[in-house]
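Here is a briefing on one predicted model.

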Amino acid sequence: MVGRRGGKRLVSAVAVVMVSGLVALSLPGAAVAGPDEGHERTRAAMDAVVRKGVPGVLVGTYDGKSWWDGSAGVANLTTRRPPRAGDHFRAGSITKTFVATVVLQLEAKGDLRLDDTVEKWLPGMVRGNGNDGSKITIRQLLNHTSGLYDYLKGLPTANWTTKKWLDHRFDSFKPEQLVAAAVSHAPTHQPGGPHTYSNTNYVLASLIVEKATGHSYESELRRRIIEPLNLKDTVLPGTDLSLPSPHGQGYTPFVEEPDVLHGVTEFNPSVIRGAGDLITTTGDLDRFLTALLNGKLLPPAQMKEMTTKVPGTNYGLGLAMLTTSCGVELWGHNGAYAGTEAWTLGTRDAKHRLNLHFNTYTGNEAAAAEIADAAFCPSPSR
């Protein structure tokens, strides 16, 4: 979830005019900086994160003047090759920002309303054990106020924090199974209550996209975002176990062995379909976030909806506002799953941006916060 603690501090989010006739967006080419020119503090923060146990760190950032690709550590513990610009990785819950963008595009066209209920679009799917889809709106799915239980917590074979997941990581799931696992539990609260982050919300949102369009969620994201923005390295994998080349390896500790890293690069991503299955690169993430923040994907009314935060939180509709230690406000999202943690962040005017990947899940916001502070905060010597 998103919020603040300990004063102004970057915290985890885990953790959108031209809807029809959208043409390929051509973003201005950015100058490329030298090896570390102007990014020495970011480099030092990345190195510090590696010393604390993250195998590899990959960064792509634009500071208003030039683009910089940086890496630290290793992408593969066996070959010891470093992370490289262009490496593919799993973006986790950054998928949610893509899904929310498409839902808001559909709203802009009048194909659905944010106040439509889940029951209207998916009759009978959310019922039982105190769950009632007729009382949950699409808006509540997107801002995580539905109260629906997170299926990743209630489905043992989907819970990637325990070693049992290794025995089931190649299992294939239908989204309806994931929803059924969620509604087998009582809701955490009634719809419209507090912000409670749940992956179930976006599995349902992706299914509503399919009902509203008559096409798969994957095809709609490709048609509305990936192809118009020319995101050539962004993939929705379906049930494909592997990552496109080039890519590093993903590693994760389990609660039973917190000091041991297990290789978990390949698994069946159907378990996080619509909630976290997107595969991408730092360059493609930057292109998407820039277009989103610049209003190239959503009309002003829908962008206002997306950036309207749940009272008492920093979370809007699939987009979060985060704050660095020096008070710089950023918009974006993060994502994590077995062997991956990714962040995409930018100032509201999109003039300063950071895209970040760790090939393991750090378990807290501190590692990303250190790098974001270095990238966005002025040097103390200035």
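A nonpolar core is a set of buried Ala, Val, Leu, Ile, Met, Phe, Trp, Tyr and Cys residues joined through side-chain atoms within 4.5 Å. Buried means under 20% relative accessible area, exposed over 50%, and partly exposed in between, with a 1.4 Å probe and protein chains only. The largest such core here has 97 residues, and V57 and I371 touch the most other members.

This is a predicted model: local features need pLDDT of at least 70, side-chain atom pairs count only at pLDDT 80 or more, and totals for chains, interfaces and linings use all residues. Residues are numbered from 1 along each chain as its sequence is written, and side-chain values use heavy atoms, leaving out hydrogens and water.

**Confidence**
- The chain has a mean pLDDT (the predictor's confidence in each residue, from 0 to 100) of 90, and 90% of its residues reach 70 or more.
- Residues 1-34 have pLDDT below 50, yet this stretch has 109 contacts (heavy atoms within 4.5 Å) in the model beyond near neighbours in sequence.

- Not counting residues up to four places away in sequence, I371 touches T42, A45, M46, V49, V57, V59, L354, L356 and F358.

**Cavities**
- A cavity is a set of points, on a 1 Å grid over the protein atoms alone, where a 1.4 Å probe fits but cannot get out; lining residues have an atom within 4 Å of a point.
- Grid points are joined across faces, edges and corners, and a volume is the space filled by probe spheres set on the points.
- The largest cavity has a volume of about 200 Å³.
- Its lining counts 21 residues, with H88, F89, Q249, H357 and N359 nearest the centre.
- β2 (56-62) and β4 (89-90) are the elements that give two or more residues to this lining. β2 gives the most, with 3 residues.
- Strands are DSSP runs of E, at least two residues; helices are runs of H or I, at least four; both are numbered from the N terminus.
- The second largest cavity holds about 40 Å³. Its lining is G130, N131, D132, I136, S146, L148, P187, Q190 and P191.

**Two buried sites**
- N143 sits in the loop between α4 (138-142) and α5 (151-154). It is buried, at 10% relative accessible area.
- T344 lies in strand β12 (residues 340-346). T344 is buried too, at 2% relative accessibility.
- Leaving aside neighbours within four places in sequence, T344 contacts I94, L285, L289, W331, G332, H333, L354 and N355.

How values were computed:
1 Å grid on protein atoms, 1.4 Å probe; cavity = no way out; pocket = protein on both sides within 12 Å on 5 of 7 lines; lining within 4 Å.
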